[in-house]
Amino acid sequence: GCSLSKKKQRKGVRVMSIKMKAEDLVANFFPKKLLELDHFLKDPLINVLDLKEIHSEINLSVPDPILLTNSHDGLEGNAKKRKQEDIEENCQGTKVFVMPGGMMKSNNKLVELIEKVKPEIRTLIEKCNTVKMWVQLLIPRIEDGNNFGVSIQEETVAELRTVEGEAASYLDQISRYYITRAKLVSKIAKYPHVEDYRRTVTEIDEKEYISLKIIVSELRNQYVTLHDMILKNIEKIKRPRSSNAETLY
């Protein structure tokens, strides 16, 4: 009996700790964070007007073109055979053993921006998880009737879960950018004479830059929405069945 009461006490302390953290997040952290992100959206790093400024040089030289000549000497057969082999090799791609200048670098301007955005995504996921746990712990036992407040709690949990999922998808998007760019740069190394591959790298860099700004804007909007939604319904979230004297705390 004694150990059971100790377990209940520990559980009560943990629940109270989550309650205090979550209420502080909604009341103080969320509005502070949305102002920080609003300020971030005015940062020159994320407001480049001419996207050429975020382009990254692809330091892979184009091989010399193969010249076909009409030779009339005795070596004509061998020359033609060699030229044909050269053409075939060029069509199959260049064998890449080592990159000139060592490693083929990422787009440093985008890496710098990504490294600033990623912690913000992670923070939103973690804070949403804490608030979601708090609201879930406030949901009372299932009863007939008087469930309007409970439906508001469930709606809040669903919104928090949606925001968590969207934020996680932003991290997936960043990973996809890196792997797509890596595949394209590998293609350029193999087919250095194909200009479209080079242009495509530039295009996906520009697209990622625009996407990162949209992500920061979305993170800010999600803090605004959650703060507004929870504060408007805070009484029903805390006391879903106001007629009942019993509460979780």
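Is Asp-38 buried, partly exposed or exposed? Asp-38 counts as partly exposed, because its relative accessibility is 26% (buried means under 20% relative accessible area, exposed over 50%, partly exposed in between, with a 1.4 Å probe and protein chains only). This is a predicted model: local features need pLDDT of at least 70, side-chain atom pairs count only at pLDDT 80 or more, and totals for chains, interfaces and linings use all residues. Residues are numbered from 1 along each chain as its sequence is written, and side-chain values use heavy atoms, leaving out hydrogens and water.

**Salt bridges**

- Side chains of opposite charge can pair when their charged atoms come close.
- The count is 16 salt bridges (a side-chain nitrogen of Lys or Arg within 4 Å of a carboxyl oxygen of Asp or Glu).
- Asp-38 pairs with Arg-220 at 2.7 Å, N to O. The pair links distant parts of the chain, 182 residues apart: Asp-38 is in helix α1 and Arg-220 in helix α5 (helices are DSSP runs of H or I, at least four residues, numbered from the N terminus).
- Glu-143 and Arg-241 form another salt bridge, at 3.8 Å, N to O. Glu-143 lies in the loop between α3 and α4 and Arg-241 in the segment after α6, so the pair ties together parts 98 residues apart in sequence.
- Arg-241 is buried at 6% relative accessibility, while Glu-143 is partly exposed at 25%.

**Asn-107**

- Asn-107 sits in the loop between α2 and α3.
- Asn-107 counts as buried, because its relative accessibility is 2%.
- The Asn-107 side chain reaches the backbone oxygen of Ile-54 at 2.7 Å.

Note on methods:
Helix = DSSP H or I, 4+ residues; strand = E, 2+ residues; numbered from the N terminus. Polar contact = N/O pair within 3.5 Å; in protein donor to acceptor, adjacent residues only side chain to side chain.
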